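Take a look at it first, and then we'll walk through it piece by piece.

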Amino acid sequence: MLDLATLKARAADRLANPATLANAANPANPANQQDAPISQLAALAGLAASDAWCWPHAEAMNGAELQTFAARVQLFIRRGADESVAENLADRLVIRDRQRDHRRTCLECQHYRHGRCGNRLRAGLHSAEIGPDLAVLLQHCGGFAS
Ligand code: SF4
């Protein structure tokens, strides 16, 4: 199973590049970094400013989004999703959250485990079985619990 550090590094690498490459003035771009920082304070200021080049100012995920992304991938894997499904869904949920879309997926629901719904009556389902397509479908479900 992937650890949190690996997930964060992978997400940062995949999603930070558009911002760093698209903006030639971005201090996060290695081409714009000086050989040595003026001081430790300057280095820290640069780190603090790094989110200025991310959402909502650019498309790259900010620090909070990266944390959420990594936590979701781990959660979805624990709930039975394979790694690629977990990462793809976590990516889509970043967009959903930015759009303030209130729909949820079964993989986010505490009643979902390994292809089954533990709250099927409230959800209005005839069967507890949740297929892979339904598990990642954004929907409004009366049985959802986070
Ligand atoms: S309660 Fe709704 S959202 Fe939760 S697992 Fe069942 S069908 Fe999915």
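Predicted model: local features only at pLDDT ≥ 70, side-chain atom pairs only at ≥ 80, totals over all residues.

## Helix H3

Helices (H or I, at least four residues) and strands (E, at least two) are DSSP runs, numbered from the N terminus.

The buried residues of H3 are Glu65, Leu66, Phe69, Ala70, Arg72, Val73 and Phe76. Looking down the axis of H3, these buried residues fall within an arc of 165°, so they line one face of the helix. That arc is taken from the directions from the helix axis to the C-beta atoms. H3 covers residues 63-78, and its 16 residues reach 23 Å from first C-alpha to last, close to the expected 22 Å at 1.5 Å a residue. The expected span is 1.5 Å times one less than the number of residues. After H3 comes glycine 80, with a positive phi near 110°.

## Helix H4

What's tucked away in H4? Ala86, Glu87, Leu89, Ala90 and Leu93 are buried there. Down the axis of H4, they sit within an arc of 165°, so they line one face of the helix. Ser84 and Ile95, on the other side of H4, are exposed.

H3 is included in what covers the buried residues of H4. Arginine 100 follows H4, and its phi is positive, near 55°.

## Around the ligand

Which residues surround the ligand? The list is Cys106, Cys109, His111, Tyr112, Cys117, Asn119, Ala123, Leu125, Cys141, Gly143 and Phe144.

## The whole chain

Stepping back, the chain has 6 helices and 2 strands, in the order α-α-α-α-β-β-α-α along the sequence. Of its 146 residues, 23% are buried.

Residues are numbered from 1 along each chain as its sequence is written.

The chain's mean pLDDT (the predictor's confidence in each residue, from 0 to 100) is 82, and 66% of its residues reach 70 or more.

Technical notes
Near = placed C-beta within 6 Å. Buried ≥ 20, exposed ≤ 12 C-beta atoms within 10 Å, placed from the backbone. Contact = placed C-beta atoms within 7 Å.
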